[in-house]
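Colleague: Could you walk me through this one? I'd like to go over how the pieces pack and how the chains meet.

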There are 2 protein chains.
Amino acid sequence: MSDNRSENRQWKLRARPTAMVGREHFELASAPAPSPAAGEALVEVQYVSLDPAMRGWLNDAKSYVPPVGIGEVMRAIGVGRVLESKDPALAAGDFVTGMTGVQAFATGPAKAWTKIDASLLPPPRWLSVVGMPALTAYFGLLDIGAAKAGETLVVSAAAGAVGSVTGQIGKILGMRVVGLAGGADKCRYVVDELGFDACIDYKHDDIRAKLREHAPKGIDVYFDNVGGEILDHALAQLRKKARVVLCGAISQYNNEGGVVVGPKNYLSLLVNRARMEGFVVFDFEARYAEAVGAMLRWHKEGKLKAREDIVDGIDKFPEALAMLYTGKNFGKLILKI
Amino acid sequence: MSDNRSENRQWKLRARPTAMVGREHFELASAPAPSPAAGEALVEVQYVSLDPAMRGWLNDAKSYVPPVGIGEVMRAIGVGRVLESKDPALAAGDFVTGMTGVQAFATGPAKAWTKIDASLLPPPRWLSVVGMPALTAYFGLLDIGAAKAGETLVVSAAAGAVGSVTGQIGKILGMRVVGLAGGADKCRYVVDELGFDACIDYKHDDIRAKLREHAPKGIDVYFDNVGGEILDHALAQLRKKARVVLCGAISQYNNEGGVVVGPKNYLSLLVNRARMEGFVVFDFEARYAEAVGAMLRWHKEGKLKAREDIVDGIDKFPEALAMLYTGKNFGKLILKI
């Protein structure tokens with residue numbers, strides 16, 4: 001409980017990366033945390049969620065959210081404890097989640113913070129089991145993927161925050177679920193711990209042959225977190241009326257100059273009367289409670305597991321973020337402040 | 001009325017093209033036309049429809065129809081006149097449409113032929129105004145594109161058989177319609193004759209700038225017949241919740257070795273919560289009558305125009321087919337047998 005609010009350490013964007021993101025693009029600054037005004041609360045940030053989408057927020061391009069400005073605190077979702085509140089909705093000691101940014105203290109309107117029940121789930125798990133990546137998996141698979149029992153689901157980055165939840169929800173629905181992950185350890189985890197039917201080690205396996213083996217009837221839903229070569233392999237093995245859920249493209253975010261490699265097998269969508277559809281989880285805000293409720297229940301029943309990869313120390317932020325794009329994290333990547 | 005059925009000239013596939021299709025891939029053979037058996041009819045083929053999709057039928061790959069076999073008559077949709085019928089459903093003199101193949105006479109089950117009313121529309125127009133490309137436009141725009149009044153529609157190959165009908169249906173629906181076509185003549189035709197709001201000459205205009213100018217609010221529906229660079233430009237200017245209708249990829253069908261260039265801007269689908277969806281018109285067979293009825297009515301009302309580009313002589317088939325991939329035809333390409 002280091003209520004040293006006069007020294008609020010903050011990671012600010014210094015320069016926009018044009019390829020792999022690194023320490024040189026940020027600076028660690030310090031300033032007193034502003035006292036909350038009427039209707040606001042001051043939160044001591046405990047954990048922030050590090051997610052692949054953050055790389056996109058650094059580009060000066062039109063997207064679903066404005067880019068982080070040069071000199072601004074890096075945008076991030078976090079959990080923390082209310083230190084001081086000038087709004088009746090929150091009291092000191094409450095645990096909350098919201099857009100904290102990568103900093104030690106955050107002040108904002110009380111209505112922008114969502115109270116969480118730390119007795120139900122410890123604070124960092126609110127960023128994994130029912131965090132934004134879990135919500136992304138839920139709406140992506142159910143709404144965009146229109147997933148159904150008996151179908152075959154293939155998920156890339158299957159050991160990651162989104163992929164791991166996607167596959168487990170697929171199993172809960174009664175699907176055949178095949179993951180792709182990098183390395184034998186992650187693959188073992190995906191099958192043995194998370195209960196996927198199979199996992200393909202994209203770093204060592206023949207992806208095409210293994211997809212044929214594990215999805216012999218073809219792919220009904222491909223949930224894509226990576227783009228690139230894996231997307232092309234999945235497109236080549238779609239079933240009729242398949243759905244490709246475009247969730248992300250980790251393999252492409254740090255390409256030199258932002259050039260993305262397009263899926264050369266996209267005409268498989270035509271031949272197979274299939275669709276590829278993108279989505280942004282923020283559009284489903286009105287239904288977050290439904291999803292959180294379902295996932296808390298599944299987690300309690302032991303059907304939905306999560307693994308956190310917690311990096312300790314706000315000073316490690318840039319290197320921790322880069323881990324996401326090289327596959328170095330194992331589980332939901334979280335920065336402990 | 002050259003009822004020389006003992007000499008049925010037929011174009012057969014000799015070798016599969018690996019790049020641009022040409023005369024070397026076919027041979028013009030001759031054999032007596034088989035007499036119809038019970039339940040069959042013999043048709044004198046008058047016109048056959050030449051369509052971009054035919055290039056795909058030549059590839060030895062799993063697709064929505066089996067490839068044309070080496071030595072088989074080239075598959076084609078045509079119109080003709082019944083010479084002899086062994087089925088009560090058809091009589092000599094009836095006009096019919098169906099899978100005639102590229103040949104002078106075709107014998108097949110009576111139920112595989114659809115009777116057409118030549119007094120309503122002259123036979124070749126059954127291949128344009130209400131032919132397969134027109135049906136493709138109808139179901140692609142209405143069902144896959146979910147087109148709505150007030151939205152902005154962009155159509156590539158706008159002077160072609162599918163694109164010209166797509167854009168006109170868009171206008172009938174009350175959309176803002178922007179076409180892309182190759183050359184000033186085609187562009188003039190698209191705007192002045194077909195009533196599109198604007199046309200971009202992709203061979204000479206700055207596509208990106210012109211799309212911004214003519215679709216200032218962005219694109220709600222992009223109906224893609226060409227793939228390649230134009231698809232990428234359209235993806236870059238999608239509106240939120242846009243639909244990309246994947247109908248074809250003329251620019252890619254004759255690539256060396258069948259290698260397709262993927263759309264590098266596909267992540268615009270994610271940012272804009274948009275979808276790209278393929279379809280095959282044959283899936284809508286149960287609703288052909290609905291579409292033909294609507295299009296005949298629109299045609300009669302002067303709202304749906306068609307232009308045929310008729311190549312005269314069965315011997316010209318290979319060169320006529322190749323015209324589709326170099327943009328040399330102007331209007332629905334039809335081969336007169």
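Colleague: At what angle do the axes of helix H2 and helix H8 of chain B cross?

Modeller: Bear in mind that this is a predicted model. The axes of H2(B), residues 132-144, and H8(B), residues 288-300, come within 10 Å. The axes cross at roughly 100°.

Colleague: Which residues of H8(B) make the contact with H2(B)?

Modeller: From H2(B) come B:Ala134, B:Leu135, B:Tyr138 and B:Phe139. The residues of this contact divide into 7 nonpolar, no polar and no charged. On the H8(B) side, the contact is made by B:Tyr288, B:Ala291 and B:Met295.

Colleague: And in chain A, how do the residues of the contact of H2(A) with H8(A) divide?

Modeller: The axes of H2(A), residues 132-144, and H8(A), residues 288-300, come within 10 Å and cross at roughly 100°, which makes the two helices roughly perpendicular. A:Ala134, A:Leu135, A:Tyr138 and A:Phe139 in H2(A) meet A:Tyr288, A:Ala291 and A:Met295 in H8(A). The division is 7 nonpolar, no polar and no charged.

Colleague: Now the sheet: which strands stand at the edges?

Modeller: It's an open sheet of 12 strands with mixed pairing, in the order S10(A)-S9(A)-S8(A)-S11(A)-S12(A)-S13(A)-S13(B)-S12(B)-S11(B)-S8(B)-S9(B)-S10(B). An edge strand here has a single partner strand, so one side of it is left without a neighbour in the sheet. The twist averages 15° from one strand to the next. The edge strands are S10 (198-201) of chain A and S10 (198-201) of chain B.

Colleague: Which residue stands opposite B:Val154 in S11(B)?

Modeller: S8(B) and S11(B), residues 219-224, run parallel and are joined by 3 bridges. In that strand, the residue opposite B:Val154 is B:Tyr222.

Colleague: What angle does the direction of H2(B) make with that of S12(B)?

Modeller: H2(B) packs on the sheet, touching S11, S12 (238-246) and S13 of chain B. On chain A, helix H4 (residues 184-193) packs on the sheet too, touching S9 (176-181) and S10, and its direction makes about 170° with that of S10(A). For H2(B) and S12(B), the angle is about 150°.

Colleague: Where the chains join, what is the bridge partner of A:Arg275 in S13(B)?

Modeller: S13 of chain A, residues 275-278, and S13(B) run antiparallel, with 3 bridges joining them. Within S13(B), the partner of A:Arg275 is B:Glu277.

Colleague: Which element gives the largest share of the side of chain B that touches chain A?

Modeller: The contact takes 25 residues from chain B and 25 residues from chain A. Helix H7 (268-271) and strand S13 (275-278) of chain B are the elements that give two or more residues to chain B's side. That side divides into 16 nonpolar, 4 polar and 5 charged. The largest share, 4 residues, comes from S13(B).

Colleague: What kind of axis relates chain B to chain A?

Modeller: Chain B can be laid on chain A with an RMSD of 0.0 Å by a turn of 180° and a shift of 0.0 Å along the axis. That is the relation of a two-fold axis.

Colleague: Which C-alpha of chain B is nearest the axis?

Modeller: As for how the copies meet, 100% of the interface residues of chain B are also interface residues in chain A, so the copies meet through the same surface. The C-alpha nearest the axis in chain B lies 2.1 Å from it, and belongs to B:Gly262.

Colleague: Is A:Ala157, with its positive phi, buried or exposed?

Modeller: A:Ala157 has a phi of about 50° although it is not a glycine. Most residues other than glycine have a negative phi. A:Ala157 is found in the loop between strand S8 (152-155) and helix H3 (161-173) of chain A. With 28 other C-beta atoms within 10 Å, and 20 or more being enough, A:Ala157 is buried.

Colleague: Last one: how far apart are the C-alpha atoms of B:Thr100 and B:Arg307?

Modeller: B:Thr100 sits in the loop between strand S5 (95-98) and strand S6 (105-109) of chain B, and counts as buried because it has 27 C-beta neighbours inside 10 Å. Beyond its neighbours within four places in sequence, B:Thr100 is in contact with residues including B:Val43, B:Ile77 and B:Ala106. B:Arg307 is 207 residues away along the chain, and the C-alpha atoms are separated by 22 Å.

Conventions. Residues numbered from 1 in each chain as written. Chains lettered and ligands numbered in written order. Predicted model: local features only at pLDDT ≥ 70, side-chain atom pairs only at ≥ 80, totals over all residues. Buried ≥ 20, exposed ≤ 12 C-beta atoms within 10 Å, placed from the backbone. Contact = placed C-beta atoms within 7 Å. Nonpolar A, V, L, I, M, F, W, Y, C, P; charged D, E, K, R; others polar. Pairing = 2+ DSSP bridges. Axes fitted to C-alpha atoms, helices over the stretch in contact; angles between N-to-C directions. Least-squares fit on C-alpha atoms with pLDDT ≥ 70 in both. Parallel < 35°, antiparallel > 145°, perpendicular 65-115°, else oblique.
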